[in-house]
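Hi everyone, thanks for making time. Let me put the thing up on the screen, and then I'll just walk you through it.

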Amino acid sequence: MNCKTARVLMSAAVDGELTGKEEEGLRLHLSQCSDCRMEYEEAKKTKMIVKEKIVRFKAPQSLVDSIMDLSFTSEKEEQNTLVSE
Amino acid sequence: MTRTDPTRQSSPEQKKNTLSAEEQKKQSEFQQEAVVHLNALYNYALHLTMNPDDANDLVQETYLKAYKFFSSFERGTNCKAWLFKILKNNYINRFRKNSREPGKVDYDLIKDFYHTIKDTRRDSSETETDYFHTLLHEEVYTALQSLPEEFREVIQLCDIEGFTYEEIANMVESPIGTVRSRLYRGRKLLREQLEGYAKKFGFNTETGR
């Protein structure tokens, strides 16, 4: 495997989405190429950065309440419809 | 001795008891399987619409639809992925097919939020010499937002939400190979952006510091 192929595979490698054969090929290449090893570490880091640095917003309480209420409300409505029929 | 008046308004608890066992089961299963993903869905909706009101509506619609069609959810599969798919479809229907633009992007809200977060989190990154670790939330967010939507979307679904390629492929209605190559290309662009920030702030990216 050459460096170009290895670099394309790295993205899927950090996600654990390589086939067995690809993984084997990449591992072999990394064991022989220090540049690609460094590159692979960077690829892992980029994934971590996105995961860690992107702020998660909390759903507003009003939305939480309305969703929590949703199943109950729609069941009630269904029930009322049945009763009135 | 008091007798229950059947015409009297019953309490919610009593009403609940009037539901059939099957409906009660559906309700509690829905709470356990679907409602737990509310925050993730809200964030996805925010990223898609960039507007809190639109995100709110989108999540509400999604849950309404999900509840209605909960019987079609294949038990044992990823409920979060199922909900994301519904939300994405709703989004397309609302904002694309009707050629309706999402509401105004609320940059101020997002900016304010990042400013408060930045101050509270800065301490932890001060000990890090690695330039990636000195990147701020706002910078990573801006870099991600600057990517073409098809790249941003897959990165978000993969790195932030943790979906598998197969799940993402199903959500974005593209082959797995496309998801894979979009991730590769998107990450390449993202890294260029991030390194741009690092350089701007005087970090030497060549040495990895």
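Let's start in helix 3 of chain A, where Lys45(A) and Glu42(A) both sit, three residues apart, about one turn of the helix. Helices here are DSSP runs (H or I, at least four residues), strands likewise (E, at least two), and both are numbered from the N terminus. The side chains of Lys45(A) and Glu42(A) form a salt bridge, at 3.2 Å from N to O. By salt bridge I mean a side-chain nitrogen of Lys or Arg within 4 Å of a carboxyl oxygen of Asp or Glu. Glu42(A) is buried, with a relative accessible area of 16%. Buried is under 20% relative accessible area, exposed is over 50%, and partly exposed is in between, with a 1.4 Å probe and protein chains only.

Quick housekeeping. This is a predicted model, where local features need pLDDT of at least 70 and side-chain atom pairs count only at pLDDT 80 or more, while totals for chains, interfaces and linings use all residues. Residues are numbered from 1 along each chain as its sequence is written, chains are lettered from A and ligands numbered from 1 in the order in which they are written, and side-chain values use heavy atoms, with hydrogens and water left out.

Back to salt bridges. How many are there over all chains? The count comes to 19. One of them pairs Lys47(A) with Asp15(A), at 2.7 Å from N to O. Lys47(A) is in helix 3 (residues 34-53) of chain A, and Asp15(A) is in the loop between helix 1 (3-14) and helix 2 (20-32), so this pair ties together parts that are 32 residues apart in sequence.

Shared partners join Arg7(A), Glu39(A), Arg191(B) and Glu195(B) into one network of salt bridges. Arg191(B) and Glu195(B) both lie in helix 11 (residues 176-200) of chain B, four residues apart, about one turn of the helix. Arg191(B) is buried, with 15% relative accessible area.

While we're still on chain A, a note from the records. An unreviewed UniProt entry places "domain: Putative zinc-finger" at residues 3-37 of chain A. UniProt positions are in the numbering used here, feature names are shortened, and annotations may be inferred rather than shown by experiment. In the model, residues 3-37 of chain A are 83% helix and 0% strand, and the end C-alpha atoms are 10 Å apart.

Now chain B as a whole. What is it built from? Eleven helices and zero strands. Buried residues make up 44% of its 209 residues. Contact here means heavy atoms within 4.5 Å. Of the contacts in chain B between residues at least 6 apart in sequence, 64% join residues at least 24 apart.

Then there's the core. The largest nonpolar core has 73 residues, and Val59(B) and Tyr63(B) have the most contacts inside it. A nonpolar core is a set of buried Ala, Val, Leu, Ile, Met, Phe, Trp, Tyr and Cys residues joined through side-chain atoms within 4.5 Å. Helix 5 (residues 79-97) of chain B gives the most to this core, with nine residues. Domain 1 (22-97) and domain 2 (116-200) of chain B both give residues to the core, so it lies between them; those domain bounds come from an automatic or database domain assignment.

Take a look at Tyr63(B). Not counting residues up to four places away in sequence, it touches residues including Ile67(A), Leu70(A), Phe30(B) and Leu83(B). Asn56(B), in helix 4 of chain B, is buried at 18% relative accessibility. Leaving aside neighbours within four places in sequence, Asn56(B) contacts Pro60(A), Leu63(A) and Tyr42(B).

Met50(B) isn't a glycine, but its phi is positive, near 60°. Met50(B) is in the loop between helix 3 (38-49) and helix 4 (52-68) of chain B, and it is buried at 9%. Glu173(B), also not a glycine, has a positive phi of about 55°. Glu173(B) sits in the loop between helix 10 (165-172) and helix 11 of chain B, and at 62% relative accessibility it counts as exposed.
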